[in-house]
Amino acid sequence: MKSFLALCFVSLSMVIPAIITVCAADTDMITRDFISSMESYKNGDYQKAVDLLESIAARGVQNGKLYYNLGNAHLKNDNLGNAVLWYERALQKIPGDPDLRFNYEYALTLTKDARENTSFSPTRIFFFWKYHLSRKTVVWTAISLNLIVWLFIIVWRMTRRKGFWYAACITFLPALIFIATAFFNYYESTYLRLAIILPKQISVRSGLLDNSTELFKLHAGAKVRVVRTLRDHLQIRYSKDKIGWIAAKNAGII
Amino acid sequence: MQRLPNYILKLSIIIAVILTASGVSAKITVDAQVDRTRIQSGESLELSVTIENSNGQVDISSIKDFKVVSQTSHSTINFINGQTSQKIIYVYTLEPLIKSGKAIIPRLRVKSNGKTYQSEPIEILVNKVSAKTKPSKDLDVWITAKVSNSTPFTGQQIIYTFTLYNSVQIHEAKFSPPEFLGFEATEFKKTNAYKKIIKGREHIVTELNYVLIPKKTGALVIEPSSFNFGILDLMKNRDRSGRSLPDFLMDPFFNPRKMTKHTIRTLALNLTVKPLPEYTGHGGFSGLVGKFELKTDVETSNLKVGDSTTLSVTLKGQGNIIDAGEPDFKLPDAFKIYEDNPEEKISLDRTGYSGYKIFRKALVPVKQGSYEIRPVSLTYFDITEKAYKKLTSQPIILQVAPSQTAQAAPPRLSSQVSASRKQKVDFTGRDILPPKEELEAVQSQNRLSLFLFILLLASPLPLLAGLLIFQRLTRNDTRPAILMKNKARKALKAAINTIDQQNEMLAHLYQAVNAAIFSIANRSGEALTWKEARELLTQCGQPPQIAQQASDLLSRVESAKFSAAELSDHERKALTEDVRRLFKELLP
């Protein structure tokens with residue numbers, strides 16, 4: 001038994017430093033790529049900047065600013081569809097970033113398809129915090145408020161002072177709202193998939209075949225809801241009365 | 001002839017039916033008559049169908065050679081020598097559909113009480129109107145029609161004038177214009193009326209005008225206009241012997257006058273519409289035909305970046321200006337351009353359409369420099385010169401100085417009156433903001449997984465559960481041993497706190513020692529003797545020396561409590577210390 005434990009200890013003492021070393025090396029490479037991408041961007045080599053930034057994102061880095069930079073590089077590289085896609089992804093991470101908002105609005109002015117006006121929808125008015133706070137902020141606010149509620153309850157149980165009970169009741173409502181919002185965000189990201197049209201123009205057809213009837217056309221940057229996926233095709237809904245099929249490669253899931 | 005109100009006709013028919021049913025008069029006859037049997041093409045005649053003693057309807061669907069222009073009816077009931085008769089008279093105005101020859105009014109059928117009655121057929125001779133026939137100025141009423149130009153170009157506006165001359169009073173006049181096939185026709189609403197002496201007689205001359213724009217080329221015919229009117233017959237103001245009648249007999253009340261209806265027509269007008277010559281010039285042809293002028297103007301030619309000025313292009317003239325579109329502007333890229341609604345004033349008079357259109361654009365320079373607004377050109381077909389003519393405006397030079405504020409002002413359109421001095425700030429250029437270069441951008445912001453989120457939400461629950469368990473355990477323990485143990489400790493604590501007050505201290509110590517012994521015995525109680533204490537402890541398995549020590553201590557406390565001797569501080573502390581030591585032995 002002792003020899004087994006000793007073997008484990010020796011193995012771990014060798015593997016853990018190796019993992020740490022690999023991770024550190026990868027981090028260094030990501031940093032170098034990022035710096036190179038910024039230099040390429042400044043030099044006008046937007047395609048190279050796109051390649052480098054997308055390689056960073058492909059390595060699992062999820063960062064709103066990285067996505068913002070990707071949107072910028074795509075837009076400069078005359079790739080409106082991808083630009084809007086990455087801006088949309090960035091908005092989920094840093095929705096309040098003014099630079100992002102500005103560039104996103106500018107990109108939208110370049111799109112051709114009229115979007116449904118959702119600025120004054122009842123959902124946006126009654127659940128305004130959902131659209132102004134990042135998902136991360138909502139999650140941690142929910143956890144914090146939940147903890148505060150329970151702490152108030154515990155203290156009240158210990159001291160039997162009514163003030164703590166009232167404080168717990170007051171904190172309970174916002175905690176509940178943020179917990180519900182966080183759960184909805186999880187549901188939304190898992191089941192309510194949105195996508196951006198990537199090519200300059202595509203035909204939305206009645207079926208999966210190329211010779212299916214063309215129902216309508218969409219252009220780069222158009223935002224659609226993915227209804228379902230079938231054999232490398234997406235059934236998308238653009239508006240209440242416009243639904244059809246496109247090849248999956250023509251849309252980027254946000 | 002005026003149409004009778006329906007209810008009178010219906011009432012007559014009802015009476016007639018009643019009378020017919022009563023057998024007062026039973027013979028039913030149908031008779032058709034015309035006011036004349038010779039007419040000229042274009043004239044009309046009156047057909048009267050009289051039905052006696054029946055309320056049947058006349059079937060006029062068999063009339064093929066005539067067009068029924070109008071229809072009236074009236075009825076009469078006569079009582080003559082005790083005999084009653086009733087008549088319904090239908091009057092039709094007919095126009096022949098043939099130019100010349102015989103036209104037939106066939107037998108007209110009337111159905112009554114299941115039987116069919118017929119009138120006799122009538123032959124009408126229609127004479128062709130001679131093209132050379134001209135309205136005679138010897139007549140009391142005549143009409144003419146003419147066009148201002150019988151060989152216009154397509155798109156050229158011409159005037160069709162219908163003129164009525166009458167030297168007698170006419171009634172119930174009705175003018176029926178032609179359809180103007182091949183033309184776009186607009187009536188000039190204002191009629192022109194004046195008096196004119198023709199062959200020594202005063203005539204009233206009334207002119208109606210239409211503006212016609214030919215839409216087809218080649219030979220076009222404007223069909224005759226027709227004019228219906230009535231003239232009251234001249235009254236005979238002399239009797240058979242030639243004597244003049246008294247004036248009061250000339251009053252219409254005593255001498256009702258009959259009105260004779262007439263229909264006259266103008267001649268058809270033959271026009272030859274010429275196509276526009278082939279356009280071979282540069283630039284597009286605007287489609288305008290007439291006579292036009294073009295002028296460009298700018299509000300101010302010295303500007304600063306962000307200022308606004310208005311460029312106006314005025315198209316003015318006579319012709320189909322109503323069809324004029326915006327000329328092609330070629331403006332420098334250094335200007336932002338804002339459209340303004342065109343202003344137009346087009347009037348229609350006896351010479352046709354004329355007026356102007358002003359096209360405006362607000363220009364906002366975004367760069368300094370000197371810029372030329374190229375001449376605006378427009379090609380139209382000049383009807384006086386019978387050739388295409390290109391209008392070209394003068395070039396305009398705009399001097400743009402740098403802005404002091406470097407802010408572009410919004411357009412200020414000349415047709416708008418600005419109520420406020422505040423101006424909307426517009427973009428003068430568009431670009432995206434730069435990338436975020438901080439290395440923070442590569443730090444992953446992975447979202448908390450749903451599982452971890454739920455775990456963190458639930459984390460306070462074990463803490464609360466532990467507390468509840470602890471409270472439950474401590475609050476509900478009612479065993480005598482625990483209760484007495486707590487009581488003993490509380491009493492000892494109180495004794496230590498009241499060490500300066502001997503009686504209270506001794507009372508607490510006495511209570512503490514008793515409670516400690518009862519706790520060991522798992523019993524409740526208040527007081528013990530030292531013997532009871534020793535026996536109790538011994539029975540509970542305590543070592544004899546502990547039992548003896550406890551009984552001795554109880555005895556000492558009891559003696560001190562109930563004796564009047566004052567204990568010194570040292571003695572009090574020693575006694576308290578002994579009790580504490582006993583507690584350590586008994587209540588670890």
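What percentage of the 588 residues in chain B is buried? In this predicted model, buried residues make up 26% of chain B. The secondary structure of that chain comprises eight helices and 29 strands. Of the contacts in chain B with a separation of 6 or more, 72% link residues 24 or more positions apart.

**The interface of chains A and B**

Contact between the chains involves 24 residues of chain B and 37 residues of chain A. On the side of chain B that touches chain A, helix 2 (450-458) and helix 3 (460-475) of chain B each contribute at least two residues. That side of chain B consists of 15 nonpolar, four polar and five charged residues.

**Open sheets in chain B**

One open sheet of chain B has four strands in the order 1-3-6-5, with antiparallel pairing. Its edges are strand 1 (29-34) and strand 5 (66-80) of chain B; each has a single partner strand, so one side of each is left without a neighbour in the sheet. From one strand to the next, the twist averages 15 degrees. Strand 1 of chain B is joined to strand 3 (residues 45-52) of chain B by six bridges in the antiparallel sense. Across this pair, B:Val34 lies opposite B:Leu47 of strand 3 of chain B.

Another open sheet in chain B has three strands, ordered 4-8-9 and paired antiparallel. Here strand 4 (58-59) and strand 9 (115-118) of chain B are the edge strands, each pairing on one side only. Two bridges connect strand 4 of chain B with strand 8 (residues 109-112) of chain B in the antiparallel sense, and B:Arg109 of strand 8 is the bridge partner of B:Asp59. Strand 8 of chain B also pairs with strand 9 of chain B, in the antiparallel sense and over four bridges. In that pairing, B:Arg109 has B:Gln118 of strand 9 of chain B as its bridge partner. The hairpin of strands 8 and 9 of chain B has two residues between the strands, and B:Asn113 in this hairpin takes a positive phi near 50 degrees.

**Helix pairs**

Two packed helices are described by the angle between their axes and the distance between the axes. The values for one pair in each chain are tabulated below.

| Helix pair | Angle between axes | Distance between axes |
|---|---|---|
| Helix 2 (residues 46-58) and helix 3 (residues 64-76) of chain A | about 150 degrees | 9 Å |
| Helix 7 (residues 544-562) and helix 8 (residues 569-586) of chain B | about 150 degrees | 11 Å |

In chain A, the angle of about 150 degrees between helix 2 and helix 3 is over 145 degrees, so these helices are roughly antiparallel. Helix 2 of chain A passes helix 3 of chain A in a left-handed crossing. Residues of helix 2 of chain A that make the contact include A:Leu53 and A:Ile56, while those of helix 3 of chain A include A:Leu66 and A:Leu70. The residues of this contact comprise nine nonpolar, two polar and two charged.

In chain B, helix 7 packs against helix 8 at an angle of about 150 degrees, which means that these two helices are roughly antiparallel. The crossing of helix 7 and helix 8 of chain B is left-handed. Among the residues that meet are B:Ile546, B:Leu553 and B:Arg556 in helix 7 of chain B, together with B:Leu575, B:Asp578 and B:Leu582 in helix 8 of chain B. This contact of chain B divides into nine nonpolar residues, one polar residue and three charged residues.

Definitions and conventions. Residues are numbered from 1 along each chain as its sequence is written. Chains are lettered from A and ligands numbered from 1 in the order in which they are written. This is a predicted model: local features need pLDDT of at least 70, side-chain atom pairs count only at pLDDT 80 or more; totals for chains, interfaces and linings use all residues. Two residues are in contact if their C-beta atoms, placed from the backbone, lie within 7 Å. Ala, Val, Leu, Ile, Met, Phe, Trp, Tyr, Cys and Pro count as nonpolar, Asp, Glu, Lys and Arg as charged, and the others, Gly among them, as polar. A residue is buried if 20 or more other C-beta atoms lie within 10 Å of its own, exposed if 12 or fewer, and partly exposed in between; C-beta atoms are placed from the backbone. Two strands pair if DSSP finds at least two bridges between them. Axes are lines fitted to C-alpha atoms, for helices over the stretch in contact, and angles run from 0 to 180 degrees between N-to-C directions. Angles under 35 degrees count as roughly parallel, over 145 as roughly antiparallel, 65 to 115 as roughly perpendicular and the rest as oblique. A crossing is left-handed if the near helix is turned anticlockwise from the far one by less than a right angle, and right-handed if clockwise.
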